[in-house]
Every structure is written in structure tokens, then in C-alpha cells.
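My notes follow in the order I worked.

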Amino acid sequence: MSKYLGVLNFEPSYVDVAGLGDYRPISATSIFGRYRVVDFMMSNFTNSGIDRIKVHIKNRPRSLVEHISNTSYNINSKKGKIHMLHGEEQFNNEFYNNDLHAFKTYMEFYNVENPSYIIIAPSHFIFKQDFSRIIDYHINSKNDITVLYQSVKNADEEFLLCDALNIDNKGRIVEFRKNRGTSKRNNISLETYVMDFVTFKQLVQEGCETSSLYSLSDIISDCVRAMKIGAYQHHGYCACISTIKAYYSANMTIRKQKELAYLINEEWPIYTMTNDTCPTLYEKGAKVQGSIIANGCQIEGTVINSVIGRNVVIKPGAVIKDSIVLPDTFIDKNVKLDCAIVDRLAIVTHVKDLTGTKDNPIYINRGDRI
């Protein structure tokens with residue numbers, strides 16, 4: 001029996017990253033040039049000493065399975081294990097494809113593990129958190145369930161449709177409600193839950209019996225009076241990648257040195273799939289300012305305040321500003337990109353000016369020739 005089991009949940013129904021989400025789960029999406037969104041939560045698990053992890057995949061599993069299968073996440077191979085679980089049913093209605101259904105479907109695999117405690121974390125959030133501290137708090141406070149949350153000042157623009165929490169002066173959650181953006185300040189659930197295994201099985205059973213459309217957060221919300229549900233506060237940078245705007249904003253924010261150093265450092269390494277690629281080549285005349293450039297690129301043009309993935313070619317005269325270019329993309333001569341997201345394998349050559357806004361970045365489909 002392993003004492004702790006990590007569960008990486010798939011994204012809930014409110015997550016809709018238009019364009020990018022058509023080709024892969026948001027957890028498998030490239031971010032900050034060389035990582036995938038999933039790397040941050042998986043590294044939280046392993047850096048916290050949790051090396052037995054169940055990964056649930058909602059749909060389009062190929063890219064996520066390939067990435068996780070080729071990333072060690074520094075797990076002890078003798079006692080640790082990553083077990084990927086993806087649905088075998090096709091749902092006519094996306095609302096039926098929920099986490100409680102997935103947990104119930106694969107409960108036999110949880111029973112084999114028979115852990116003392118389970119920590120369930122989201123696949124569409126990015127933050128740095130030592131989960132062992134939440135577990136210690138959960139045990140010492142004798143909570144039935146402990147929920148990780150953050151007090152934010154931008155709830156009117158970010159974290160929309162996430163759970164907002166009412167917390168009493170004893171640190172107990174007394175109400176769950178949806179963040180509708182009506183207030184700037186709010187206590188936002190980071191959809192990270194700690195509970196013992198018996199409670200987990202009880203919630204899954206009760207939730208499935210209550211409604212076929214219920215999620216884990218729904219049944220936890222129903223239990224605020226019957227159970228002691230405690231709140232543990234997270235401090236530091238946090239992003240919820242639920243829309244294309246949120247994806248763009250996260251890349252642009254983490255590009256800045258302060259946030260990048262907080263999230264990614266030697267004391268808390270972020271593990272990802274390694275690539276045997278050569279260093280980026282900066283040709284004569286290239287200009288780069290305030291940007292993240294991954295390995296294997298060929299830069300001949302200008303890149304300003306942008307994030308460039310691996311193996312991207314930017315030809316002379318091209319100007320990339322406030323944009324995100326995913327791996328294996330070709331940007332031809334004299335192309336101007338401003339507030340754009342260019343998906344993998346795209347070729348931008350004939351159209352010379354593509355301009356969006358920070359609130360509404362323009363998106364170029366994967367593999368498109370523009």
C-alpha cells in the first residue's frame with residue numbers, strides 16, 4: 001500500500017481553449033517555449049515526494065500519452081509509477097464526460113493502490129506548490145477534505161467559472177459558488193483536493209448516484225454542511241488556462257523574469273521531455289528583446305516580447321511582437337506578427353501582416369499555410 005496517491009484530473013467543461021484545444025488536451029499544449037502545461041503539475045507531485053500518479057485524459061490522448069511516456073519526472077522507477085487512464089466511451093454530450101464518471105470507471109485500479117490519502121490536482125492550472133505541506137495540514141486539522149485556494153484581485157477578468165469559496169474565520173469552507181466576474185477580489189479554488197481514500201470512494205459513489213452530470217467539485221460543494229472542508233491558501237503566481245486569452249496571458253506574464261524565476265528554478269525543477277536539438281542560431285541582423293527562445297531555432301528577423309518554441313525558423317525582415325509561436329513553424333521574410341498565436345507546423349509566407357490584440361489574439365491553425 002502506498003501512503004499517498006496523486007491524481008491528475010482532466011479539464012472540466014468550462015475549459016474552452018479555442019483552436020489549440022481542437023488538436024490536443026490543454027494539458028499537452030506547449031507553453032513557455034519548451035514545456036507542456038502538464039509538466040508543472042506533474043513536477044509538483046514528484047517534487048513533493050509523490051511518485052505514484054494516476055493521469056486521467058478526457059479526449060485526444062495521443063499527444064499527452066506521447067509526452068508523458070517520454071518524460072521521467074524524476075520518479076523512482078522501482079516504487080513509482082505513472083498510470084495513464086483515458087475514456088473508452090464516446091460521449092454524444094460533452095457534459096457526460098466528467099471526472100466522476102472517469103473515477104468510477106477506473107475505481108478497480110484505485111482499489112489496487114489502496115492509498116491512505118489521495119491528492120487530486122488539475123491539469124489546466126499552472127502554479128508551484130509543495131503538496132506535502134497541504135497533506136500535513138489536512139491530517140493535523142482533521143479535515144474531511146482540504147481544498148487549495150488563492151485570494152485573487154482580478155477575479156472580474158480571470159478565473160471565470162472557477163469555483164469561488166466563502167471561508168469562515170476558522171478556515172472552513174461554508175459555500176462553493178461559480179465566479180461570474182462580478183467582483184475583483186475572490187477566493188478561487190485551485191481545484192486541488194486532499195482526502196483519505198475512503199472519503200474519495202464515498203464522494204464518487206454519491207456523486208454518480210446524484211446526477212450523471214455531476215463533477216467532483218459539484219459533490220464536494222453539496223457536502224459543505226455534512227463534512228469538514230478546510231481551506232489551504234496558496235501564495236505566488238497562478239494561472240488557469242481555460243481560454244485562448246488566458247493561454248496568451250500566461251505566456252506573456254511568465255516571459256517576464258520575476259515570474260519565470262519563481263516558477264522555474266533549481267530548487268523546484270520543472271521536468272519535461274528532453275530533445276536532442278542544437279542551440280538556436282542567431283544570424284547576422286537578428287534582433288531579440290524580452291523574449292523566450294527555445295533550442296533549435298534559426299532567427300534572422302526581429303523578435304520582441306514573444307515566446308518562440310523549438311525548431312522555429314524566422315527569416316530576414318520578419319517582425320514577431322507580443323506573440324507565441326509554437327514548435328516547428330516557419331515564418332517567411334517580411335512577415336509581421338503582432339499579438340498572434342501560431343500553432344505547430346504552420347507556414348506563414350504569403351500574408352505579410354497578421355495583427356490581433358492582447359484581449360483577442362489572432363490564432364493560426366496547426367499546419368496551416370498562410
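The model I am reading is predicted.

I searched the whole structure and found one cavity of 30 Å³ or more. The volume of the largest cavity is about 30 Å³. I listed its lining: Ser-30, Ile-31, Phe-32, Gly-33, Tyr-247, Asn-251, Val-307, Gly-309, Ile-324, Val-325 and Leu-326. Two or more of these residues come from each of β2 (30–31), α8 and β22 (324–325). I then sorted the lining of the largest cavity by class: seven residues are nonpolar, four are polar and none is charged.

**Largest pocket.** Next I looked at the open spaces. The largest pocket has a volume of about 600 Å³. I found 25 residues in its lining, with Asn-154, Glu-158, Ser-249, Ala-250 and Thr-253 closest to the centre. Which element supplies the largest share of this lining? It is α8, with seven residues. I also noted β8 (145–152) and β13 (238–240), which, like α8 (244–254), each supply at least two lining residues. By class, the lining of the largest pocket holds nine charged, six polar and ten nonpolar residues.

**Second largest pocket.** Its volume is about 460 Å³. This pocket is lined by 25 residues. Pro-12, Ser-13, Ser-215, Ser-217 and Asp-218 lie nearest the centre of the second largest pocket. I checked which elements contribute: β11 (186–196) and α7 (216–222) each give at least two residues. The most comes from α7, with three. I counted the classes of this lining as eleven nonpolar, eight charged and six polar.

**Helix α1.** I asked how many residues of α1 (residues 37–47) are buried. Ten of the eleven are, and the helix is mostly covered. The buried set is Val-37, Val-38, Asp-39, Phe-40, Met-41, Met-42, Ser-43, Asn-44, Phe-45 and Thr-46. I recalled that residues three or four places apart on an α-helix point the same way, because there are 3.6 residues a turn. After α1 comes Gly-49, and I read a positive phi there, near 85°.

**First open sheet.** I traced five strands in the order β14-β17-β20-β23-β26, with parallel pairing. The edges are β14 (281–282) and β26 (347–348); each has a single partner strand, so one side of each lacks a neighbour in the sheet. I then followed one pair inside the order. Strand β17 (residues 298–299) and strand β20 (residues 313–314) run parallel and are joined by two bridges. Ile-299 has Ile-314 of β20 opposite.

Two bridges link β16 to the parallel strand β19 (residues 307–308). I noted Val-307 in β19 as the bridge partner of Ile-292. Val-307 is also on my list for the lining of the largest cavity.

**Cysteines.** I looked for disulfides, covalent bonds between the sulfur atoms of two cysteines. How many does the structure hold? It holds zero. I followed up on Cys-297, whose closest cysteine sulfur is in Cys-278, 9.1 Å away, which is too far for a bond. I took 2.5 Å as the cut-off for a disulfide. Cys-297 counts as buried, because its relative accessibility is 3%. Cys-339 also counts as buried, at 5%.

I logged two residues. Arg-60 has a positive phi, near 45°. I placed Arg-60 in the loop between β4 (52–57) and α2 (62–69). Its relative accessible area is 38%, so I wrote Arg-60 down as partly exposed. Leu-345 has a positive phi near 65°. I found Leu-345 in the loop between β25 (340–342) and β26. Leu-345 is partly exposed as well, with a relative accessible area of 41%.

Note on methods
Residues numbered from 1 in each chain as written. Predicted model: local features only at pLDDT ≥ 70, side-chain atom pairs only at ≥ 80, totals over all residues. Heavy atoms only, no water. 1 Å grid on protein atoms, 1.4 Å probe; cavity = no way out; pocket = protein on both sides within 12 Å on 5 of 7 lines; lining within 4 Å. Points joined across faces, edges and corners; volume = space filled by probe spheres on them. Helix = DSSP H or I, 4+ residues; strand = E, 2+ residues; numbered from the N terminus. Nonpolar A, V, L, I, M, F, W, Y, C, P; charged D, E, K, R; others polar. Buried < 20%, exposed > 50% of the residue type's maximum accessible area, 1.4 Å probe, protein only. Pairing = 2+ DSSP bridges.
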